[in-house]
Amino acid sequence: MFGKTVRIASITAAAIMSIALQARADQAQIARGEYLVTIGGCNDCHTPGYFLGNPDMNRYLGGSDVGFEMPGLGVFVGRNLTPDKETGLGNWTTEEIVTALQTGHRPDGRMLAPIMPWPALANLTKDDVEAIVAYLQSIEPVKHAVPGPFGPGETVSVFVMRLLPPGETAASAPN
């Protein structure tokens, strides 16, 4: 009986240590993801108020309130990257987020807006992109439905930053 008790205690202790080590590894991965999101400037395009000089850190990565106009394509607003199931990435799998970050393809088959730097993110290591996803999935969900995208000529409901091709001026660019 004593041997059986010792074996059960050893198995239990090993399981607890394994869980603790996994939790520590998960925290290290999340911390790495936070670091990469920070130096990558994801906050810039995906946090309300950032482009207006007053980022709303209570809605960090919850989606912008300013769009980018790309000539001939329309206006694109930085989406909600939080794990909110209705307005963010909460229904996307880890693999779907990795694919979007590294190929520009969304789960619904559409491409991400051209302003999204997925070609640069495609060069991340597997560990780094998975760390970014772990971090995004760990942050507080923010319920914020981002408007758009808006096609060329559609009425927009947000402030817009215009990207002009070389040789154009703001006065001569199409409205």
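**Close-up views of a predicted model**

**View 1. Lining of the largest pocket.**

View 2. At least two lining residues are supplied by each of helix H1 (2–39), helix H2 (42–46), strand E2, helix H3, helix H4 (118–121) and helix H5. The largest share of the lining, four residues, is that of H2.

**View 3. Surroundings of threonine 82.** Threonine 82 is placed in the loop that runs between strand E2 (74–77) and helix H3 (94–103), and it counts as buried because its relative accessibility is 0%. A polar atom of the threonine 82 side chain lies 2.9 Å from the backbone nitrogen of valine 142. When neighbours within four places in sequence are left aside, the residues in contact with threonine 82 are Tyr60, Leu61, Gly62, Gly88, Leu89, Gly90, Ile139, Glu140, Pro141 and Val142.

**View 4. Helix H5.** Helix H5, which covers residues 126–138 and has 13 residues, reaches 18 Å from its first C-alpha to its last, close to the 18 Å expected at 1.5 Å a residue. The buried residues in H5 include Asp128 and Val129, the run from Ala131 through Ile132, Val133 and Ala134, and also Tyr135 and Leu136. H5 is also one of the elements that supply at least two residues of the lining of the largest pocket.

Terms used: Residues numbered from 1 in each chain as written. Predicted model: local features only at pLDDT ≥ 70, side-chain atom pairs only at ≥ 80, totals over all residues. Heavy atoms only, no water. Expected span 1.5 Å × (residues − 1). Buried < 20%, exposed > 50% of the residue type's maximum accessible area, 1.4 Å probe, protein only. Polar contact = N/O pair within 3.5 Å; in protein donor to acceptor, adjacent residues only side chain to side chain. Contact = heavy atoms within 4.5 Å.
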